[in-house]
Amino acid sequence: MKSNRRNFLKGSIASSLALSPLILNAQDTDSVEKSDSPKRIIFICNSLGFYAPNLLPKTAGDLGTSDYLKQIKTVNKMTLFENLYHPGMKTSNHDSEKSFLTGGMFPESSTFKNTISVDQLLARKLGTETRFPYLNLAISDRGWGSSWNEMGSPIPPLHDEQLVFNRLFGKEDQHAVELQLQKDQAIIECLRRDISFLKRQDADPSSLNAYLTNLDHLEAQFERQMYWLNKAKPQINHSLSKDTQFPFSTKLKNLLDLSRLAFQTDSTRVITLSLEFIEGAIKVPGVTGSWHSFSHHANKKNLLTSLEHIEQNILKHLNQFLFDMDQIKEGDRSLLDNTTVVIGSNFGDASNHTHNNLPIIIAGGGYKHDSHRVLEGPTPLCNLYLELLNKHDIDMGKFGSSKKNMALLKS
Amino acid sequence: MQENAKALRNYENYPIDINLSAELKLLHGNGSGFATKRTVVDLNGPDKTEEMRMLSSDQGLSIIGSKPSRFAVVVCTLFCFLHGGQIVAADAHSAVTFYETKIAPILKQRCHECHSNDTGKAEGGLVLDSRSGWEHGGDSGAILIPGKSDESLLIQAIRYDDENLQMPPEAKLPAEEIALLEKWVNMGALDPRKSLHKSYEGDENSFGLKLFNKYCFDCHDRELKKGNLNLSEAFSLESYDGTHVFENLIIDKMPPSNKSQPTAREKHLMLDWLSNGQLAVETSGYRRLSRHEFVNSVNDLLGTDLDFADKIPEDRGTHKYDSNHKIALTKELLESYFAVADEMLEYALPEKGFHEETSWLIRPKLPIFNTYAVHAKKYQDGMLFACLRSNNGNVYPFFYDQFKAPVKGHYRVSVDAAKVGDFKEDIGIVIYAGKYFFNDANPQQQRLLNIVSVGDKDVKTYSFEVFLNEGDELSVHCYSKHTLKLPNPEIGAYIKQINVNGPLLDKRLIQVDSESIAQVKTGIQQFAERAFCRALSDKDLEPYYALAESDFSENKSFLSATKISLKAILCSPRFLQVPVTQEYVQQHKNYRIASDLARMLWLSVPDQELLSLAKNEQELSPEILTSEINRMLNDPKAGRMIQSLCNQWLNLKSFNRISPSLSLYPGYSDLVNYYLPLETELYLTHLIQNDLPVTHLIDSDYSFLNQRLAQHYGIDNVIGQKMRLIQFPPNSQRGGLLTMGAILKVTSDGFTTSPILRGAWISKNIVGTPLSPPPEDVEVLEADLSKAETLKEQLAAHRHNKSCNACHKDIDPYGFALESFDATGQVRSKYRIIQDHKATFIWRPAGYFKETQNVDSTGEIYNESFKDINGLKKVLLAKHKGIAYNFAKNFFEFTNGYQPNLRQRIDIYAMIPDQAENCRMRDLITKLMVYSLLGDKDEIQ
């Protein structure tokens, strides 16, 4: 079995090429050609948004007059958009969160079926040369975050920072993993045979096809793992924060640090980070309490002050993340210049659960930033997503509810 | 099948061309298995329509749809030519599929933004999200003529034929979408959302509708439009979901009590009419295994007892119940099934053999850290411990450095201990896996394993079994209110020593008798029959045999060959998704029933007894099923179902996410946190096991408590930490689910409580009143306790707004009744607000709070006022049928993975006796199960 494993693997790669978009194109050449400065992208969804009067600049066009953004050290490398929205968000619950990266309409409906999220499309293009095609992260163990697969199912995000660290940088027993992957390959072959047998018996094809799609993806992932097995994982000198006083802040900091490290070591080029609100109370410097309750502040001062503490804490970590990214040199630019950072929310105003004028910030990416860009009239956020897709050489004419690529980002 | 037949009847007015598939074949040219099996459609044979469905929707039409090309257009045009422009799908189902998969998405994506009820925009007077919408047309009149695309305004507009009418205005649609819409119109513009419309239009004289007219239209018409509902208009919208109206009728909320009421028979006719008009529930024909079901099944198959569900990502997605049919398998879930199957198989069949069973004797040592040593001292042969609570409020357990679990497994722990001190209560010794200390080099997460209740003053041995992971150390903490932070204690828990024995090998059931490949195959066969729950021939198992053989010939290892093939079985779609053929279901109905039954009641696979019942040729009658359900409910495995029900129905899954503030509730501890959810689970188990009235969900005079919970609830004289049935004192506010600490905590945020959130929880989970989400742009209110106005005044201001009050009058009052309970479930008469402490928080028994306003727990619901929770319970008990119905509906959804449709709701409601005393938990569950398993399942699939 071992002697012909290589051929066997080749065969299955060929077969999965046709089936799966998530496969490595450079399987057979041992050296992977990497572009000089790879393009990367991260989407961060802050599910309760930002208190607009603090976020929006007092003087239009000048982010230096935004209470929240003036403190960002890399403020000259970001654009805050106004008037972006997702059509079809009638919901008064938090369902719009499902659609943040998909643009799926009417997410509160009982017949709602989501569609693929923009990061997953990008991962097909940007994710071929790295150990991980994408990384989905979330602040809690809710089981769904911002990323949705092509079947409209939520991709369970990773929330345990130690686990993420281990996947990215942890040592593994190469021999054991290789044996395991070989066995799993044999199991997959066995399952394929059984499935074709079931198909001939006329079993429910929708069930089998759904399963088969997942099996194809898993197989592609195993092959990818096999390919990367004999390439040492990057060694980094970093230890995760273990501060237990402010677990929420600690987690956020760790996940952002890991995102930066993943980009820096070119372990992946596409990341989503979902900051879903958490049931019960959270503790950040200055306040302990329910984030969700505070978000329904109805402009009451005490609630607003508490909410501001939480939002300031989130911004503090985002600021650090952007700054760290900008400090890392890559060629004649910084890592931040090579990474498009999308920070946004599904809520325009969480207090009233409105979905117009979503807070959307694009930072880095090497664009000529406009500081503050107020678009004329409500504009689908998917227009911007479409532009991001096109910018990353994905030839699509439409994404979600997009109407057109508006060329909002100038290089 | 029936659904198809029913759908077909709706389309019988359309000419069906029997040569359609023949034409398709011709067009396709090579006839490579494409629509070649059957050239004549016979609508009278239901079995044939099924085949047609497969044939036309999976191969024929959808090919045209999914690969739009010149070919597609050619086909369309040819169709038009051949059939005089009136093309109809070969059968209704494929037309429905075509509409739903091809047309609806285009309309939704391209048109709804400006033309839909959902967005509230009807530009040009046109809405396109309902059938009546496009039938009625817009300001320019009819927009399409079925069968005639060229003459239809809609098609002209999207083709940009007329420069004054170009839709969508921003950009012309892609050619393939235009082609699809043309095709749809030419096919007769079949819109499956027809049923309700039809029943209304054709039924103007129907009794049901007349009754709605008589009892409802007075308020819910165009003029008055009470509750923002114009029923006569709503009924004419085929996309209208009648569930809301249905539920209000069935639970007697409507018509309101001051209006004339329909008789029972009239009401039945109304419900019947409404349910007939609804679309069938769309479910996929299969269901995936949830992560809990996966782990339980593997445990039962391997004879292990591993709590590994958390190693698989939370798989509920955005749904309430993890059994929901809409939840699909993902690559990530499949990946973790691969990994967890490995880990569980390795545990059951370790490659290097089982670890030898070993004994450890742990004698406590004086803690090395001063802060700890203060609260413990050497005593006789061992140590005496007081109760320690550190400055940050956590408990940090004592001693932990003489034992380390060599492998993961079950261990027997025996604690030799005695109580020292003259107090009547027991001392609790809490055993944790893991250790933590502020300057530990390698802190381990602490996991509470067990609590030993020590009441004897003589040393006794307290034994129990625990599961430990490799490397786990043990630590203990001694809990007693009498010894809290006692320095150099004279009283406390005396622990002489601890014995650990393990890993216990009798927990592993798989015995290996032989080492031959034949034996491997026998193992595969037995394992797979139970895992897949069906009879399997050698032919069925061939891929698995082949896998085992290939591994065996390579590795010459019985163990390796067994493990790899069992893993394949556990990762197989036959196990994870149960794909079944129609034919198979007909022939092997028993297996399907047995499999569903085991999954519903045990969250697992059938046991041998159930499996042999399935193998039996005899049809499973309601009587056999009832006795089988009874047997299964008596099995401890039913506890999984009850726990899962508590976690999902009552949302106790979020229980641990909420950490009560120690400033406000300084007495809250991990002990209380451990016992609170147990109370709810034991209570529900008790109701089911003893077939008690469903009304006990609302009220009873007992619950399951122990010393610590009784203390928490302010009940005296409960000694010992064993959870048991405790009678509440007379006049207690406790009794029923609503007054349980677990519920009261999970409906708060750990700091304050909100009557709105608690009210919504009761309304949704207990009463089952359907609620509409708040209207947009309404300020949501959170109470501000520091204000002079009372909470109720603040909420009253909110409710003063009419549009808020429409719903909030039905939500908030439930919450008012619970105002006399704080966020940890303790009774309160005043609210607490946090007082700032100086510098760092240092835990103290008095906490950091001051008391403010008096609690007001009065309210009014259903026009009945109550003065406290007991008053509310009386109101709810009077609505017992609605409560039982809501429980039944939830139980149905929980076990079946989808919400019952209106037809099923009528059947479910009919199961509920009129007399509260006769409506019993176990009886109701059994009836629901039999109904789910034998009822007209075809209806919904």
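Let's start at one spot: the side chains of Arg574(B) and Asp194(A) meet in a salt bridge, 2.8 Å from N to O. The term stands for a side-chain nitrogen of Lys or Arg within 4 Å of a carboxyl oxygen of Asp or Glu. Across the interface of chain B and chain A, the rule finds five salt bridges.

Before going further, note that this is a predicted model, in which local features need pLDDT of at least 70 and side-chain atom pairs count only at pLDDT 80 or more, while totals for chains, interfaces and linings use all residues. Residues are numbered from 1 along each chain as its sequence is written, chains are lettered from A in the order in which they are written, and side-chain values use heavy atoms, with hydrogens and water left out.

Now step back to the whole interface. Here 67 residues of chain B are in contact with 74 residues of chain A, contact being heavy atoms within 4.5 Å. The two chains bury about 6,300 Å² between them, 57% of it on carbon and sulfur atoms; this is the accessible area (1.4 Å probe) lost by two parts on being put together, summed over both.

Chain A, for its part, has ten helices and eleven strands, taken as DSSP runs (H or I, at least four residues, for helices; E, at least two, for strands). Of its 411 residues, 63% count as buried, that is, under 20% relative accessible area with a 1.4 Å probe, protein chains only. Among contacts in chain A between residues at least 6 apart in sequence, 69% join residues at least 24 apart.

Notes. Buried means under 20% relative accessible area, exposed over 50%, partly exposed in between (1.4 Å probe, protein chains only).
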